[in-house]
Amino acid sequence: MKFLKVNMSKKSVQFQEVPKDYVGLGGRGLTSVMINTEVPPKCDPLGPENKLIFAPGLLSGTNLVNTSRLSIGAKSPLTGTIKESNAGGTVAAALGHLGITAIIVEGQAPKGDLSILRIDEKGEASLLPAQAYKGMRTYAFAKKLLEAYGEKTAILCIGPAGESQLTAASVQTTDIDGRPCRAAGRGGLGAVMGAKGLKAIVVDQRGKNADAIADSKTFNDAAKVFAQAIKAHPFSGQMLPALGTAGLVAPVNSLGAFPSYNATKGVLEGWEKISGENMAKIITERGGKTTHMGCAQCVVHCSNEYVDKQGKYMTASLEYETIWSMGGMTGITDLDVIAKLDYLCDDIGLDTMSTGVAVAVAMDAGKAKFGDGEAAIRMVEEVATGTQFGKVLGNGPAAVGKHLGHHRVPVVKGQSIAAYDPRGMQGNGVTYATSPMGADHTAGNVIGEYLSGALDPLKADGQVAASRNVQIAMAAVDCTGLCLLASFALTTPEGGQAFLTAMNAKFGTSFGPDSIPGMGIKVLQAEREFNRKAGFTSKDDRLPEFFYKEPLPPHNKVFLISDADLDSTFNF
Amino acid sequence: MMKVTVRLFGTLSQKFPGYDPVKGLEVEIPDGARVKDLLAHLGIPEIKGGVAAVEGMILKLEDPLRDGASVHLLQAVYGG
């Protein structure tokens, strides 16, 4: 249990014991509590007072499967709020193996200065010059880093977008195969990393200094049961390995809630061409991989390798939210074009969701026609080449709307919505409006309630409670390192009990089922407190006006939740 | 008897060799049949989270189907 504190102003690295106020926190719980405690709420997110925190989950690096999520936290330059963006890959497990509870990056390097933070097999840390890699895109950069530090290296890095401090910039991280194709995309945290002068963090994956497990036999037994529960669940055991998250294209279009043509329709014409079913067919015919292990210790294998007609790698992994932002929102129904756009975003270091929505806003404003794939590729390339419009696009959809004088910009607190229209899935609208993160589906996705028939997606009744419950649950899950896509096994009696047993066996605690929501509530309270101090009020917990005024076909509903009901979301 | 067109999503089509995703399945079921009757007719167990959507609305197992309906059979999903 130790913190690695990195001061970019002084170019110093220092390990310290975890202060007692932070003991027992991990992942989003740690990043959010620390930011609320230590970061001045009104500071410039791209200035020296902001802190960029990398925290593996409480269980990352153990042999409990699917616990390789890394939380990255800071004050967001995109939203101005507190932010936690998390990513899979291999870094969280590598830090867990070294007993590192968090890396805290403070201060700011002189302008133009660029460094790499390296943590070796023994856990020793050093800052190394990275001027030679200035402006390099992530695929080429990751290749160089693997050559320099060996194949057993986990990488976090930024591309040209992050170096340019554009607020849709991502932090990319490497998958099992060393490709920088996984991302902490949301909130522009790549820009914070760029502002710090940090081009990459490289962590040796062979560390053998993990924190002790209080009762390893009980832990290992519970870990086996939990793995079985994930495999037995129809979603994580069957659907995700077969189609990945792209399997959501059909259900969400079937419900008329797939925001299309910049959220003017709820069904994309020709959505079948970009469905998970068709993607799997194309990948199979071309000899790619429909199922692929992307993250350390994963048993779900929701990842894929999308290849071109010659069988050559195009991108990994093509996922639902990207297919939506680059396809549904833009009207592009050619998966090859969407795969190219996904690769470009990963390579330049951009959030695919913010970028796709930014392109859609530009199309809606008349800069190109919906469905024009070549125009979309040109626009995204402009981010890397650094044209004036490229810089605007790289700052996300709100910046594009302002630049082009266009009113229909589907963002909350500056961050784009995700692939569920709030008029067709009202509870997801509650989450977008009220999440401390700005519009964010991973903060509380209500879709499971709709598809199970438990809740009518088109009526106001029950939506606030449903959003509240999943927001609390997700905040808790994000503390543990557990992947959202494996977390649905927690809803089964055997899966939920096994996970709790493993938690208690690791820490020597006696948490009961009620302790888990308590953990989520504590996180949300810290995040809300930071936002209040930063100047946010309930008036910021609203959707853009057009969602209340423009009915969405085919159901022709508007967003129905009253302001008073939205304001009751966090009445814990 | 009535006819409905069924389109299968997720992994549901795996047990129907030669399934054509463009045409779907033409299924004949008794008048007044409900969603659960259609699932039983196709041999899709309810416990697998099979859900039906017609014209953008989720149907429950007890909901009746109408002649000529285009039914999407989906698997429960929880997030992406």
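**Entry 1: A296(A)**

I began with A296(A), which lies in chain A in the loop between strand 13 (289-292) and strand 14 (303-307). Strands (E, at least two residues) and helices (H or I, at least four residues) are DSSP runs, numbered from the N terminus. The model is predicted: local features need pLDDT of at least 70 and side-chain atom pairs count only at pLDDT 80 or more, while totals for chains, interfaces and linings use all residues. Residues are numbered from 1 along each chain as its sequence is written, and chains are lettered from A and ligands numbered from 1 in the order in which they are written.

The cut-offs are 20 or more other C-beta atoms within 10 Å for buried, 12 or fewer for exposed, and partly exposed in between, with C-beta atoms placed from the backbone.

I then looked up which residues A296(A) touches. Leaving out residues up to four places away in sequence, they are S68(A), T90(A), A93(A) and I176(A). Contact requires C-beta atoms, placed from the backbone, within 7 Å. A94(A) is 202 residues away from A296(A) in sequence, yet the C-alpha to C-alpha distance is 9.0 Å.

**Entry 2: The sheet 13-14-15**

I traced an open sheet of three strands in chain A, with the order 13-14-15 and antiparallel pairing. Strand 13 and strand 15 (313-315) stand at the edges with a single partner strand each, so one side of each has no neighbour in the sheet. Two strands pair if DSSP finds at least two bridges between them. Strand 13 and strand 14 of chain A have two bridges, and K289(A) has E305(A) in strand 14 as its bridge partner.

I next found an open sheet of six strands in chain A, with the order 2-1-6-3-4-5 and mixed pairing. Strand 2 (12-17) and strand 5 are its edges; each has a single partner strand, so one side of each is left without a neighbour in the sheet.

How many residues of strand 4 (residues 70-75) of chain A are buried? I noted six of its six residues. L70(A), I72(A) and A74(A) cover one side, and S71(A), G73(A) and K75(A) are buried on the other. In a regular strand the side chains alternate between the two faces of the sheet.

Strand 4 of chain A pairs in the antiparallel sense with strand 3 (residues 52-56) over four bridges, and P56(A) stands opposite L70(A). Strand 4 also pairs in the antiparallel sense with strand 5 (residues 82-87) over six bridges; A74(A) has K83(A) as its bridge partner there. Strand 4 and strand 5 form a hairpin with six residues between them, and G80(A) in the turn has a positive phi of about 80°.

**Entry 3: The side towards chain B**

I recorded that 31 residues of chain A are in contact with 19 residues of chain B. Which helix of chain A gives the most to this side? Helix 7 (234-243) does, with six residues. The residues of chain A on this side divide into 17 nonpolar, ten polar and four charged. Here Ala, Val, Leu, Ile, Met, Phe, Trp, Tyr, Cys and Pro count as nonpolar, Asp, Glu, Lys and Arg as charged, and the others, Gly among them, as polar.

Key
Contact = placed C-beta atoms within 7 Å.
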